[in-house]
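The sequence and the model come first.

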Amino acid sequence: MMRHSVRENWLRLRRSCLKIPERLRHRRRPMRMRCFILLLALLVTAARADDARPFNPADYPAGVQKALRYANEECDSQDGGAVTFAPDTVRRIDLTGDGRDDYIVDFRDTKCGERETTYCGTGGCVMDILVTLPDGSVRPVFDGYVRSYKIVTSPVKRGAARTIRFDLHGSYCSGFGAQACVKEKTITATPFAFKQP
């Protein structure tokens, strides 16, 4: 067994202690970068929250405003009070593939006074799809109750219309309410509706 002098042991210990900060320094860089990215993400989120405005129907074309007026009329007929729209009630998206904004109006989170179920039932919630025509006018192509919907991934071909997958009441598939009923529809300027068999 080889014995080292006290001096050699001291030097060995000192070298190993000096290496620790160097090792930690390399580990701190990724940690600092993560903290920086987290801080940046928080600042961006805070900036977006400050920019968020309350929902305003006047921000949309006349055809979309007409669809939104349905909420007020329905609420008034039930003596419900003031209508409160969710910030995401209207979704702008090119559905027809013509490069113009089309609109999905989803009343899922719309409130009539304190009532949250005025626009929803066992068949889902009221949803409108409106497309923008070449002359700039907006045409409604769908108005019905939908449990949920999903826009199928973007088409591979540029300028192609998008397809929406609708989750509907089971009766649209010769079933009953709780049964799954999924139907897909490619969105064009032609109006459509789902019919019960």
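Is phenylalanine 107 buried or exposed? I found phenylalanine 107 buried, with a relative accessible area of 0%; buried means under 20% relative accessible area, exposed over 50%, and partly exposed in between (1.4 Å probe, protein chains only).

Basis. I worked on a predicted model, in which local features need pLDDT of at least 70 and side-chain atom pairs count only at pLDDT 80 or more, while totals for chains, interfaces and linings use all residues. Residues are numbered from 1 along each chain as its sequence is written, and side-chain values use heavy atoms, with hydrogens and water left out.

Aromatic pairs. I paired rings of Phe, Tyr and Trp (its six-membered ring) if their centres lie within 6.5 Å, with planes under 30 degrees apart counted as stacked, over 60 as edge-to-face and the rest as tilted. By this rule I counted 12 aromatic pairs. Phenylalanine 55 and tyrosine 60 are stacked, because their ring centres are 5.7 Å apart and their planes stand at 25 degrees. Phenylalanine 55 is buried at 18% relative accessibility, and tyrosine 60 is buried at 14%. I then looked up tyrosine 70 and phenylalanine 107, an edge-to-face pair with 5.6 Å from centre to centre and 65 degrees between the planes. Tyrosine 70 lies in helix H2 (residues 62–77) and phenylalanine 107 in the loop between strand S3 (102–106) and strand S4 (111–112), so this pair ties together parts that are 37 residues apart in sequence. Helices (H or I, at least four residues) and strands (E, at least two) are DSSP runs, numbered from the N terminus. Tyrosine 70 is partly exposed, at 25% relative accessibility. I also noted that ring pairs link Phe55, Tyr60, Phe85 and Tyr103 into a cluster.

Nonpolar cores. I took a nonpolar core as a set of buried Ala, Val, Leu, Ile, Met, Phe, Trp, Tyr and Cys residues joined through side-chain atoms within 4.5 Å. The largest has 19 residues, and among the members that touch the most others are Leu95, Ile129 and Ile187. Elements S6, S7 and strand S9 (163–167) each give two or more residues to this core. A second, separate core of 18 residues includes Cys75, Val105, Cys112 and Val126. For isoleucine 187 I listed contacts (heavy atoms within 4.5 Å). Not counting residues up to four places away in sequence, isoleucine 187 touches residues including Thr96, Val131, Val141, Ala161 and Phe192.
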